[in-house]
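Please review this model with a short report on its overall make-up and a few of its residues.

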Amino acid sequence: MRLDRLFSITMMLLNRKRISAADLAARFEVSLRTIYRDMETINRAGIPVVSFSGSDGGYEIMQSYRLERQYLSLEDLYSIYSALRGMQSATGDTGMAELLDRVGALISDKLHDLDTSGMLLDLAPAAGPKEHLHMLHLAIKENRLIALDYMDIHGAETQRLVEPMGLYLKSDVWYLWGYCRVRSALRVFRLSRMNYVRIMSETFSRRGLSIEDIDADRARSGRPPCIRVRLRFQAAVKTRVKDEFLPDQLKSGPDGTILADACYYTKESAIRHLMSYGVNVTLLAPPELVDDFRRQIAEIAKMYS
């Protein structure tokens, strides 16, 4: 798993003067290109890694920067441990056991000083997606192609051949992102919409792409990255609104209502979500979505007239 590898590389850099890219590639059984990307990621995370060329070249952390154990509190270390344990539970990755042991060894003799009763991280999805999550995690680690039957937001099912590149959790929902060979582009797939997943024997060379390239691809194709909407919620759904929207998206109205500026990736997802609020939401903008929303409500009304 990439998180495991990045953490291990960082620990190796902290404990050694210098280490070569070739040694790291051999140690983690990945390509040199993967190691180069990992070093860029570690640098972007704020840990200054310097590269040196020549026969004795390699990577090392700048002498002026050292992440000593005393800079991490017991609570910090336990938070890291809990996050890793949650990831292991979600993905079923037994290879994370060694990493958990290393982090756990730093706190095992001090756990009695820490109140852990309120710390619980459960990242596991429901039964169906959980099975997919384990398989997809394995396919990502081994760079193996996957075949899946995928159902889109309209209920249409398509067969896809995907180079899986990563998994992420957002709003309690797990997603896979990767290069779809059917669409010849990066795509995001919701695990709960996968009706069938199979790991293929064929392997692939990971493309020099990141998840940020998905929005860039949308921009190049002329599609807006999202549909920005203006909403007004009644006070009766205040708790739910605060659960589903970020604080900086919300403003309190003078009459007790809540104004929200939100973003949806499709018109269908926006209408479906807003419908669930019934009479407790008013769509204020954009005008074209208001018209579509009004037509949808009229169609529903016809069914009961």
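The report below goes from the whole chain to single residues.

This is a predicted model, in which local features need pLDDT of at least 70, side-chain atom pairs count only at pLDDT 80 or more, and totals for chains, interfaces and linings use all residues. Residues are numbered from 1 along each chain as its sequence is written, and side-chain values use heavy atoms, with hydrogens and water left out.

**Whole chain**

Confidence is given as pLDDT, the predictor's score for each residue from 0 to 100. The protein chain averages 82, and 77% of the residues score at least 70.

The chain holds 10 helices and 11 strands. These are DSSP runs numbered from the N terminus: helices are H or I with at least four residues, strands E with at least two.

Of the 305 residues, 36% count as buried. Buried means under 20% relative accessible area, exposed over 50%, and partly exposed in between (1.4 Å probe, protein chains only).

Contact means heavy atoms within 4.5 Å. Among contacts between residues at least 6 apart in sequence, 59% join residues at least 24 apart.

| Residue | Relative accessible area | State |
|---|---|---|
| Glu 60 | 6% | buried |
| Ala 147 | 12% | buried |
| Tyr 304 | 69% | exposed |

Glu 60 sits in strand β2 (residues 58-61). Its side chain makes a polar contact of 2.9 Å with that of Arg 18. A polar contact is a pair of N or O atoms within 3.5 Å; within protein, one must be able to donate a hydrogen and the other to accept it, and residues adjacent in sequence count only if both atoms are side-chain atoms. Beyond neighbours within four places in sequence, Glu 60 touches residues including Leu 13, Lys 17, Pro 48 and Phe 52.

Ala 147 belongs to strand β3 (residues 144-151). Val 162 is 15 residues away from Ala 147 in sequence and 6.4 Å away in space, C-alpha to C-alpha. Leaving aside neighbours within four places in sequence, the contacts of Ala 147 include Arg 160, Leu 161, Tyr 196 and Met 200.

Tyr 304 is in the segment after α10 (287-303).
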